[in-house]
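User: I have the structure open beside its sequence, and I would like to go through it with you piece by piece.

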Amino acid sequence: MTTTIRPEQPSDYRQVETIHRNAFWNLYVPGADEHYLAHIIRDHSDFVPELDLVLEHNAQVIGNIMYTKAKLIDEAVVEKTILTFGPVAIDPAFQRQGFGKQLMEVSMKRAAELGYDTIVIFGDPDNYVERGFKSCQKFNVWAADNTQPTAMLVKELEPNVLDGRKWTYHESPAMSYDKEAAEQFDATFPAKTKDYQASQEAFYILSHSVLKS
């Protein structure tokens, strides 16, 4: 069995979008939009094509990670270009086998080689602390509404680069999309049933919670 991580090619697009659809379907909300996000961010100026990677297992594409540029702004209004990743997914049939770990580790190493020194994401800490992500509070990073969301996680690719000053995170407009357009795009895939599952409530609680100063 062989595993390869390589740049995504146009011939991979539909398979990658299908992976995102299947991995996120009913996970956070009934249905999913992550496959539409993957579809549209490739054309955005903040998209980083060098970090758009797929993981092949036995010559089958089973995973993908995408990065976009974001920014941190300090109290002197100095802007710092950073990265965020997402969507990132492994085909459900291959989850919990270490493939996601491989994909993240390789992509973060390449990000550092490209000169990026910080990654900020929103996610479940259980999924990312083993990859070196820590609470935004430990780096004095804040959301634009001056809160520190529990789900906002930070990884320095270069130690101490954030140096303790207060930073405010601003995500790329690439992450915004039209819900109606997402529904229309989803209709081009085989029909799937939108349903409720407990992970949606867990996501709601996490995504609406903030850290106390």
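Analyst: Helices (H or I, at least four residues) and strands (E, at least two) are DSSP runs, numbered from the N terminus. This is a predicted model, in which local features need pLDDT of at least 70 and side-chain atom pairs count only at pLDDT 80 or more, while totals for chains, interfaces and linings use all residues. Residues are numbered from 1 along each chain as its sequence is written, and side-chain values use heavy atoms, with hydrogens and water left out.

User: OK, then how do the axes of α2 and α5 cross?

Analyst: The two axes come within 9 Å and cross at roughly 100°. That makes α2 roughly perpendicular to α5, where angles of 65 to 115 degrees count as roughly perpendicular; under 35 degrees would be roughly parallel, over 145 roughly antiparallel, and the rest oblique.

User: Which residues meet there?

Analyst: From α2, His-35, Tyr-36 and His-39 meet Ala-181, Ala-182, Phe-185 and Asp-186 of α5, where contact means heavy atoms within 4.5 Å.

User: And what about α1 and α2, how do their axes cross?

Analyst: The axes of α1 and α2 come within 7 Å, and they cross at roughly 150°. That makes α1 roughly antiparallel to α2. On the α1 side the contact is made by Glu-17, His-20, Arg-21 and Phe-24, and on the α2 side by Glu-34, His-35, Ala-38 and His-39.

User: How many residues of α2 are buried, and which?

Analyst: Helix α2, residues 34-41, is mostly covered, with six of its eight residues buried; buried means under 20% relative accessible area, exposed over 50%, and partly exposed in between (1.4 Å probe, protein chains only). The buried ones are Glu-34, His-35, Tyr-36, Leu-37, Ala-38 and Ile-41. They pack against α1 (13-24), β3 (60-74), β4 (79-90) and α5 (179-186).

User: You mentioned β3, so why is it described as largely enclosed?

Analyst: Twelve of the 15 residues of β3 are buried, and therefore β3 is largely enclosed by the rest of the structure.

User: How do β2 and β3 pair?

Analyst: Strand β2 (residues 53-57) runs antiparallel to β3, and five bridges join the two; strands count as paired if DSSP finds at least two bridges between them. Within that pairing Leu-55 stands opposite Gly-63, and His-57 has Gln-60 as its bridge partner. The hairpin has two residues between the strands, and Asn-58 takes a positive phi near 55° in it.

User: What else joins β3, starting with β4?

Analyst: β3 and β4 run antiparallel and are joined by ten bridges, with Tyr-67 opposite Phe-85 of β4. That hairpin has four residues between the strands, and Val-77 takes a positive phi near 65° there. β3 is also joined to strand β9 (residues 167-170) by four bridges, again antiparallel, and there Leu-72 stands opposite Tyr-169.

User: Back to β2, which of its residues point which way?

Analyst: Leu-53, Leu-55 and His-57 point one way, Val-54 and Glu-56 point the other way, and all of them are buried. β2 also pairs with β1 in the antiparallel sense over five bridges, with Thr-4 opposite Glu-56.

User: Switching to Glu-8, is it buried or exposed?

Analyst: Glu-8, in the loop between β1 (3-7) and α1, is buried, with a relative accessible area of 9%.

User: What does its side chain make a polar contact with?

Analyst: The side chain of Glu-8 makes a polar contact with that of Arg-42, at 2.9 Å. A polar contact is a pair of N or O atoms within 3.5 Å; within protein, one must be able to donate a hydrogen and the other to accept it, and residues adjacent in sequence count only if both atoms are side-chain atoms. Leaving aside neighbours within four places in sequence, Glu-8 is in contact with Tyr-13, Val-16, Arg-42, Asp-52, Leu-53, Val-54 and Met-66.

Methods:
Axes fitted to C-alpha atoms, helices over the stretch in contact; angles between N-to-C directions.
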